[in-house]
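Please open the model in a viewer and keep the selection panel at hand. The stops below are meant to be followed in order.

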Amino acid sequence: MSERFEKNLVHNRDALRRFISSKVRDRQEVDDLVQETLARTLSSADRNRVKEPFAYAMQVAKTVVIDYWRKERGEPVGEDVVEIADEYCPMEKQSQHQRLRDLVGIVEAMPELRREVFIRRRLDGQTREEIASALGMSVEAVKKHITRAMADLAVGMEAKGWVD
């Protein structure tokens, strides 16, 4: 197994995760699909002939997502197949990176406690009760921090021209 191939996949794992999570909402399913993508990519008999491991892994990820959709819907995907193939172009990637930088900036500008609550809830998937217990606050206070963080995001997104 090529060490360069593996290092490239490890280096680009987050990009694969972002791509898959843009197509699949359930976080647990996303984790499973990322693992499936990596397993299929690494077990490919052609990996020694692949010149661009990340590009190859993206093609595998598209197939994995399409397989997931077919399984979930019980039918062929149809138009979604074309949409997913065209969506990951260089200009779209640059736009997504800029939006991600903008979102990170909005989150970093939040007051420390609000940011901590938001990250625990929205990114780490902790329950309100878990957050309240970990930070020594009431569940109601956690709810207020989440609401205010979401408002901060909405205002920040509007300021960046993302919403009308």
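The tour begins with a pocket and then moves to salt bridges.

This is a predicted model, in which local features need pLDDT of at least 70, side-chain atom pairs count only at pLDDT 80 or more, and totals for chains, interfaces and linings use all residues. Residues are numbered from 1 along each chain as its sequence is written, and side-chain values use heavy atoms, with hydrogens and water left out.

**The largest pocket**

Select Arg18, Ser21, Leu100, Leu103 and Leu123, which lie nearest the centre of the largest pocket among its 32 lining residues. A pocket here is an open set of points on a 1 Å grid over the protein atoms alone, where a 1.4 Å probe fits and protein lies on both sides within 12 Å along at least five of seven lines; lining residues have an atom within 4 Å of a point. The space in this pocket is about 1500 Å³, the volume being that filled by probe spheres set on the points, which are joined across faces, edges and corners.

Next, colour helices H2 (13-21), H3 (27-43), H6 (90-108), H7 (112-123) and H9 (139-159), the elements that each give two or more residues to the lining. Helices are DSSP runs (H or I, at least four residues), numbered from the N terminus. H6 provides the largest share, ten residues. By class, the lining holds 15 nonpolar, five polar and twelve charged residues; Asp, Glu, Lys and Arg count as charged, Ala, Val, Leu, Ile, Met, Phe, Trp, Tyr, Cys and Pro as nonpolar, and the others, Gly among them, as polar.

**Salt bridges**

How many salt bridges are there? The count comes to seven, each requiring a side-chain nitrogen of Lys or Arg within 4 Å of a carboxyl oxygen of Asp or Glu.

Select Asp152 and Arg114, whose closest N and O atoms are 2.7 Å apart in a salt bridge. Asp152 lies in H9 and Arg114 in H7, so this pair ties together parts 38 residues apart in sequence. Arg114 is buried at 17% relative accessible area, whereas Asp152 is partly exposed at 25% (buried is under 20%, exposed over 50%, partly exposed in between, with a 1.4 Å probe and protein chains only).

Move to Lys160 and Asp102, a salt bridge with its closest N and O atoms 3.8 Å apart. Lys160 is in the segment after H9 and Asp102 in H6, 58 residues apart.

Finally, select Glu36, Arg40 and Asp67, which are linked in a network of salt bridges. Within it, Asp67 and Arg40 meet at 3.1 Å, N to O.
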